[in-house]
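Hi,

Here is the structure I said I would pass on. Have a look at it first, and then read on for what turned up.

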Amino acid sequence: MTIASGYLPILLMILLGMLLAGTFTVVGLYLGPRLRSKVKDTPFESGFVRDGTEGSRYDVKFYMTALVFLVFDVEIVFLYPWTVQVRELGWFGFTAAMLFIGVLVLGFVYDWKKGALEWE
Amino acid sequence: MDLILEILSIPLVQSILKIAFIILLFAMPLGTVLTLMERKWSAMIQDRVGPNRANVGNYTGNGLLHLAADGLKSIFKEDTIPQGANGFLYLIAPFFGLIAGVATFAIIPIAGPIGDFTFQVTDIEPGLLFIFAITSLSVYGAVLAGTSSNSKFALLGGTRASAQMISYEVFMGLALMGIFMVYGSTRVSDIVNGQNEYWFGNLIPMWGVFTQPLGFFLFFTALIAETKRAPFDAPEGESEIVAGYFLEYSGMRWSAFMLAEYVAVAGVAVLMTTLFFGGYHVPWLHLWESAPQWLVTLLQIGKFSIVTIFFCWLQIQLRWTLPKFRFDQTMSLGWKKLLPLSLANTALTAVVVLAFM
């Protein structure tokens, strides 16, 4: 199987997913009624008059989570080649991988102690 | 006749037929029926009757006609766009969930190959890495829907969804490393065939759930958190932020989000079946050597469907059994418990594989 013939069906699947979502959107836009009013167009806020402060502030915790995620996601990307070749690489590969994980665990412990994982 | 056979032997035509079969006859109907199944099962748990009114003549089909009624209703509902919303991002947000849900089925085999013909749309080398890539696409759906709606509740839902989904993506990848080590591949067909071997003669099949019991629980937890269903439904938070990131959506676009959720539930079920319950392999069937090929294939499709439906049911049962986690509990469960556990599982599996296999 060449690379192209293996991945072409996936492209077709993605197109099918887009087609489905596109059909949903178009059908809803054209078959539904359109009765606009000022109140209906305002974003929902449990009946309160909105004060227009949407999207002004995020909790810094979300940025911290994104940073920790970046570190660990890159870590697991490096580990995949080792996991599929674990028998061939033997104990040498195991030691190397454990050293790699060990360094990251040190960083993880530092994150934990610094309170980057706390959500109170 | 010859011409038809010749057309059918073109790989691209085969792929299109397989895609049509697995999406239009398996994934989509399952996702649609799951919406009713969830309402019926939650009704049973809460001692109600559940949906039973939609009828044609006097025939209600025990609530089955609600599927058609719901679809028709949402087609003819108004499609609202809130004031101040970012029109383009608001438009494309529902696409991501459906694309991710549909594309998951591309690498799932639903029966064993007959000769050259496989019951799998494509068997690419990266296999599950592709699944990780495509499921992380659905994060964009939630985040874009949340930020483009210009609504406080939607924004809260969207940010929560982004933090939760990227966190659980890490554990999802880590939890499967054990599986990659035991079966020595990320290709789905290798993993499924690896599960067709047996321990102690012909006693116990080498299913993922037996070789990787901890990995099974970790992966299942991570997948449920990825689909943002209870007990990890803080991003949707029905009781606090109303519906979270898709709060402002209505009509068919809202349906697109709901369908994407249920297709994702079906996707979780087929992944669990394929990776941890032997895929399509019927245990101990190889002992019956004179089994005709058509019967084997039918049994394989049957076994695959039964385990898949069991996992769909299990997710619904979990949603209506467990109380939901607060958002901080979700995050600390992930980072402080699941991450160390899955790292330990990876190291332990490596030792066992190197020492005994």
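Ala93(B) touches Gly141(B), Leu144(B), Ala145(B) and Ser148(B), leaving out residues up to four places away in sequence. You'll find Ala93(B) in helix H4 of chain B. Is Ala93(B) buried or exposed? It counts as buried, because it has 28 C-beta neighbours inside 10 Å, and the cut-off for that is 20 or more. For a sense of distance, take Thr273(B), 180 residues away from Ala93(B) along the chain: their C-alpha atoms are 29 Å apart. Do keep in mind that all of this is from a predicted model.

Next, a pair of helices in chain B. Helix H6 (residues 152-175) and helix H10 (residues 213-226) of chain B pack with their axes 9 Å apart, at an angle of about 155°. Angles over 145 degrees count as roughly antiparallel, so that is how H6(B) and H10(B) run relative to each other. Their crossing is left-handed. On the H6(B) side, the contact is made by Gln164(B), Met165(B), Tyr168(B), Phe171(B), Met172(B) and Ala175(B). H10(B) brings Gly215(B), Leu218(B), Phe219(B), Ala222(B), Leu223(B), Ala225(B) and Glu226(B). Sorted by type, the residues of this contact are 10 nonpolar, two polar and one charged.

Setting aside its neighbours within four places in sequence, Phe219(B) is in contact with Met172(B), Ala175(B) and Leu176(B). Phe219(B) also turns up in the largest nonpolar core, which has 117 residues. Which residues have the most contacts inside that core? They are Leu98(B), Val102(B), Phe171(B), Phe219(B), Ala222(B), Ala266(B) and Met272(B). The largest share of the core, 18 residues, comes from helix H11 (residues 251-276) of chain B.

Now to chain A. It has four helices and zero strands, giving the pattern α-α-α-α along the sequence. Of its 120 residues, 17% count as buried.

So how do the two chains meet? In numbers, 65 residues of chain B are in contact with 55 residues of chain A. Several helices of chain B each supply at least two residues to the side that touches chain A, among them helix H2 (11-45), helix H5 (128-148) and helix H7 (177-183). The largest share of that side, 11 residues, comes from H13(B). By type, the residues on the chain B side divide into 40 nonpolar, 17 polar and eight charged.

Cheers

Key. Residues numbered from 1 in each chain as written. Chains lettered and ligands numbered in written order. Predicted model: local features only at pLDDT ≥ 70, side-chain atom pairs only at ≥ 80, totals over all residues. Core = buried A, V, L, I, M, F, W, Y, C linked by C-beta atoms within 7 Å. Buried ≥ 20, exposed ≤ 12 C-beta atoms within 10 Å, placed from the backbone. Contact = placed C-beta atoms within 7 Å. Axes fitted to C-alpha atoms, helices over the stretch in contact; angles between N-to-C directions. Parallel < 35°, antiparallel > 145°, perpendicular 65-115°, else oblique. Left-handed = near helix turned anticlockwise from the far one by under 90°. Nonpolar A, V, L, I, M, F, W, Y, C, P; charged D, E, K, R; others polar.
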